[in-house]
Amino acid sequence: MTLKASDLKVGDVFTQRLVEDLKRTQIVQYAGASGDYNPLHTDEIFTTKVAGYPSVFAHGMLTMGMTGAMLTNTVGDGRLTKYGVRFTSQVWPGDTLDASATVTRVFEDGGEKLVDLDVVTVNQNGLEVLKGYAQARLD
Amino acid sequence: MAAKTFPVEFSHILMFARSIGDDNPLYRDPEHAKASEFGAVIAPPTFVQASAQFDPDYGLRPKIGKPWFGSGKEPTGIRRGPGSGGGGGGGGGGLHAEQHYEYHRPLRAGDVLTATTTPGKTWEKEGKRGGKLMFSESVTEYRNQDGELVVTAKGVGVRTERPADPT
């Protein structure tokens, strides 16, 4: 699926449920795939007893990766030109995350049609865990 | 990321896509991918983060024969200073504060990337919950086997004086 510039207007919003009741096992899966084996994400004993957190928590990059799936489902495969985020709150096992992308600009640059999007992911309490932007090519 | 060469392989993309809960057939079905406009399995947008697997010096992977700070008999294998237990892929360790990508061309299974990392800015901020916050930036350019720029990644890491209060 690819977006057409003629179908988009500023303020259009796309949303996707990223995960319901995030499991520690998924965080372990991400550790294994990404290579980031920081015990803060996978080792409850280290994280609570040594590092002083209430529980392990997700890699920020897991949230960015899940949110990226919402973006590629929205703009199409291989269409992103930019994607950047700030990790604004931690994501914990048991969290349910929803991502949204809001169209902020539809424009042309060098003969290419592009869209700018604001990107936000929130948890089940409405707390923002990730905030950023993306840009993608349009048909 | 200081990986010298990062061979991008189908099975690695498959596992990465599973871990982020992305069921896109372009990441898991070579036949489907072959028939697509890309002609091959491609990588999801944040996949280059997995270049850590190929960085010989990456600090957040247990190394054969070396102490590891995760729990075993004891809650940690190594005593480390406060705030040094992290290193989320940004600049100089601690937690990962920001990540930015610019995409120049599709990343395909079979590509071999070369990463070049340069340190960026560093700055400090007084945090509300974790004491003083020390930020550092690093920029990594990933080029393919033909020397073409594929992805530019900018990471920002933050170190805190004590664990950030999760509330």
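## A walk through a two-chain sheet

Let's start with a helix: α4 of chain A (residues 60-75) lies across β1, β2, β3, β4 (112-122) and β5 (128-137) of chain A together with β2 of chain B, and runs at about 145° to β2(A). Keep in mind as you look around that this is a predicted model.

Now step back to chain A as a whole. It holds four helices and five strands, and if you read along the sequence they come in the pattern β-α-α-α-α-β-β-β-β. The C-alpha atoms of chain A fill a box of roughly 55 × 30 × 20 Å along the principal axes. Of the 139 residues in chain A, 48% are buried. Take the contacts in chain A between residues at least 6 apart in sequence, and 66% of them join residues at least 24 apart.

Next, the sheet. Ten strands make up an open sheet, and both chains contribute: the order is β1(A)-β3(A)-β4(A)-β5(A)-β2(A)-β2(B)-β5(B)-β4(B)-β3(B)-β1(B), with antiparallel pairing. Follow that order out to its ends and you reach β1 of chain A and β1 (5-7) of chain B; each of these edge strands has a single partner strand, so one side of each is left without a neighbour in the sheet. From one strand to the next, the twist averages 20°.

A handy landmark is A:Arg86, whose bridge partner in β2(B) is B:Glu98.

The contact takes 44 residues from chain A and 43 residues from chain B. On the chain B side, α1 and β2 (95-103) each supply at least two residues, and the largest share, eight residues, comes from β2(B). Sort the chain B residues that touch chain A by type and you get 21 nonpolar, 17 polar and five charged.

On the α1(A) side the contact is made by A:Gln26, A:Gln29, A:Tyr30, A:Ala33 and A:Ser34, while α1(B) brings B:Met15, B:Phe16, B:Arg18 and B:Ser19. Together these contact residues divide into four nonpolar, four polar and one charged.

In the loop between β1 (13-19) and α1 of chain A you'll find A:Asp21. Most residues other than glycine have a negative phi. The phi of A:Asp21, though, is near 50°, a positive value in a residue other than glycine. Is A:Asp21 buried or exposed? With 10 other C-beta atoms within 10 Å, A:Asp21 is exposed.

Key
Residues numbered from 1 in each chain as written. Chains lettered and ligands numbered in written order. Predicted model: local features only at pLDDT ≥ 70, side-chain atom pairs only at ≥ 80, totals over all residues. Contact = placed C-beta atoms within 7 Å. Nonpolar A, V, L, I, M, F, W, Y, C, P; charged D, E, K, R; others polar. Pairing = 2+ DSSP bridges. Buried ≥ 20, exposed ≤ 12 C-beta atoms within 10 Å, placed from the backbone. Axes fitted to C-alpha atoms, helices over the stretch in contact; angles between N-to-C directions.
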